[in-house]
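Please examine the sequence and the structure shown below. The report that follows treats selected charged pairs, helices and strands in turn.

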Amino acid sequence: MSGVVVAGGGPAAHRLAARLRRYGYAGGVTVVGAEPRPAYNRALLGSVLDGRLDAGRLSLPALPPDVRQLTGVRVRGVDRVRRTVRLSDGRTLPYDVLVLATGARPRVPTVPGLVSAPGRLAEGVRTVRTATDCRPLSEGPAVVLGGGVRGVESALALRRAGHEVALVHPAARLMDRHLDAPAASVLADWLADQGVTLHLGHRVGEYTPGKVVLDDGQVLAAGTVLLCTGTTPETRPARASGLEVREGVVVDTRLRTSDPHIHAIGDCAEHAGTPGGTVLQAWEQADALARILTGRGTPYTPGRRVLRPHTPGRDVLVLPAAGPRPAPDPAESVALLDRAGGRYARLVLRDGRVHEGIVIGSASAVAAVSRLYVRDTPVPSDLLALLTGADGEYEGDGQPPEEAVVCHCNNVTRKALTDAWHSGAHDQPALAGATRATTGCGSCTSVVRDLCATLAAAGTAPEAPFGGTP
Ligand SMILES: Cc1cc2nc3c(=O)[nH]c(=O)nc-3n(C[C@H](O)[C@H](O)[C@H](O)COP(=O)(O)OP(=O)(O)OC[C@H]3O[C@@H](n4cnc5c(N)ncnc54)[C@H](O)[C@@H]3O)c2cc1C
């Protein structure tokens with residue numbers, strides 16, 4: 001038996017290997033990763049960029065020792081007839097099942113000066129994809145290209161790290177794929193308050209080390225240019241071996257490519273016409289594939305996903321339309337805008353449930369609406385109270401109810417966190433070690449920190465077996 005070979009050493013590959021063992025797969029599992037280190041949580045890279053987290057602490061839990069891990073090695077080719085992969089170090093590995101988990105790579109815009117040689121970025125230019133990319137910047141002003149989710153997050157991270165930051169975005173509004181005009185203006189106001197200089201509706205015409213020139217002739221000082229200009233699924237091994245590829249590697253409901261011996265998961269895979277793009281989706285697919293490969297499987301059905309950009313200090317929630325848009329019905333939609341207060345909410349309802357929406361401002365409204373959407377449960381009658389966070393969702397101590405899931409990535413409830421706290425895990429890193437909360441997309445970090453503060457204020461902490469700060 002040659003077993004399972006996984007091409008790609010990111011979160012999807014890591015979760016698949018871990019789950020295969022958990023579900024009792026006894027064959028060989030080999031993970032081949034191009035980066036020099038084992039899998040780490042890419043979704044937390046913003047915290048490396050702003051200096052709050054050392055890149056060494058991004059690591060995901062160690063895989064079982066009987067999983068073979070090759071780092072710094074790339075899958076170069078696939079021989080589908082012999083069922084072997086060719087590696088960049090010259091080796092050949094046989095497989096029974098090959099899983100492509102090769103992720104995505106940053107898109108580099110064709111702006112004169114950004115690239116010094118084919119495949120090489122000019123001095124001072126960086127992408128935001130790997131732990132190496134996100135090492136802290138040297139001093140000096142930074143220019144972020146792209147005002148999508150990653151651009152907004154990166155600009156804020158660099159401001160927190162003390163840089164002068166300008167953000168250049170060709171569209172007239174920030175995060176234009178996700179936000180409507182009022183939401184984008186509330187977010188833009190807030191970024192400006194944080195000290196980010198916005199250049200919306202502009203493109204960069206040219207880069208020379210130290211400066212960028214915009215299309216209207218403005219010159220911006222740029223110690224560093226950070227490219228947040230989107231990603232492309234990494235499909236090269238799949239294309240080279242003749243698999244069906246559209247934007248990503250096309251997979252069916254069993255996450256199978258056009259070759260039944262080859263599967264694809266994560267950012268490189270295109271399921272139901274859409275490539276991946278979130279760590280939650282990558283983990284969901286990895287879990288589903290491990291079930292399928294160990295015979296427990298049902299077809300993969302994506303869960304409802306929310307978008308929670310890392311904008312510490314201002315909660316932002318985007319709920320994509322859950323299915324085809326209903327015909328407009330004023331009785332089934334609600335919107336409120338408090339631009340001066342930095343709050344905005346718009347919900348479209350269907351049959352009394354959240355169909356799509358945006359909420360900016362109130363942490364408790366974001367948490368409550370997110371939960372209603374993910375669980376597809378009926379909204380309360382007082383929508384205004386829901387959207388202003390005044391509906392008592394977080395009662396008493398201002399914390400979520402006991403059974404509420406605080407960390408959706410790792411399915412950790414408030415009760416599990418409280419129990420871990422009472423067992424001695426008294427700060428966020430210790431709770432992360434005990435429960436894995438905050439180690440996914442990281443968006444629950446502030447809720448976990450608040451919970452620690454609330455619990456600390458309410459009682460005396462016992463001894464700390466998890467190494468937390470008593
Ligand atoms: C800065 C940043 C912030 C993010 N924040 C969030 C967030 O808050 N929430 C969220 O849900 N998602 C977030 N994401 C997206 C999330 O990180 C990705 O969706 C997730 O990493 C996808 O996992 P993956 O394993 O499919 O791909 P990747 O993480 O891209 O990993 C793929 C790995 O495969 C390797 N590889 C590629 N080709 C080969 C080959 N031929 N042979 C061997 N190895 C190969 C790559 O080097 C890479 O290490 C963020 C991403 C970035 C960059």
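## Aspartate 315 and its partner

Aspartate 315 is buried, with a relative accessible area of 19%; buried means under 20% relative accessible area, exposed over 50%, and partly exposed in between, for a 1.4 Å probe and protein chains only. Its partner in a salt bridge is arginine 308, and the closest N and O atoms are 3.0 Å apart. A salt bridge is defined here as a side-chain nitrogen of Lys or Arg within 4 Å of a carboxyl oxygen of Asp or Glu. Arginine 308 is partly exposed, at a relative accessible area of 23%.

The model is predicted: local features need pLDDT of at least 70, side-chain atom pairs count only at pLDDT 80 or more, and totals for chains, interfaces and linings use all residues. Residues are numbered from 1 along each chain as its sequence is written, and side-chain values use heavy atoms, with hydrogens and water left out.

## Further salt bridges

By the rule above, the count comes to 22 salt bridges. One of them joins aspartate 50 to arginine 160, with 2.7 Å between the closest N and O atoms. This pair links distant parts of the chain, 110 residues apart: aspartate 50 is in the loop between helix H2 (45-49) and strand E3 (67-70), and arginine 160 is in helix H3 (residues 149-160). Helices (H or I, at least four residues) and strands (E, at least two) are DSSP runs, numbered from the N terminus. Aspartate 50 counts as buried at 7% relative accessibility, whereas arginine 160 is partly exposed at 36%.

Aspartate 89 and arginine 91 also form a salt bridge, at 2.6 Å from N to O. Aspartate 89 is partly exposed, with a relative accessible area of 39%, and arginine 91 is partly exposed at 35%.

## Packing of helices H1 and H6

Two packed helices are described by the angle between their axes and the distance between the axes. For helix H1 (residues 11-22) and helix H6 (residues 279-293), the angle is about 30 degrees and the axes are 8 Å apart. Axes are lines fitted to C-alpha atoms, for helices over the stretch in contact, and angles run from 0 to 180 degrees between N-to-C directions.

Contact means heavy atoms within 4.5 Å. Among the residues that meet are Leu16 and Arg19 in H1, and Trp283 and Asp287 in H6. By class, this contact has 11 nonpolar, no polar and three charged residues.

## A four-stranded sheet

Strands of a sheet pair through backbone hydrogen bonds, either parallel or antiparallel. An open sheet is formed by four strands in the order E24-E27-E26-E25, with antiparallel pairing; two strands pair if DSSP finds at least two bridges between them. Strand E24 (315-319) and strand E25 (333-338) stand at the edges with a single partner strand each, so one side of each is left without a neighbour in the sheet.

Five bridges pair E24 with strand E27 (residues 353-361) in the antiparallel sense. Valine 316 has isoleucine 360 in E27 as its bridge partner. Helix H4 (residues 181-193) lies across E24, E25, strand E26 (343-350) and E27, and runs at about 155 degrees to E26.

## A hairpin

Strand E15 (residues 204-208) and strand E16 (residues 210-214) run antiparallel and are joined by four bridges. E15 and E16 form a hairpin with one residue between them. The bridge partner of threonine 208 is lysine 211 in E16.

Key
Ala, Val, Leu, Ile, Met, Phe, Trp, Tyr, Cys and Pro count as nonpolar, Asp, Glu, Lys and Arg as charged, and the others, Gly among them, as polar.
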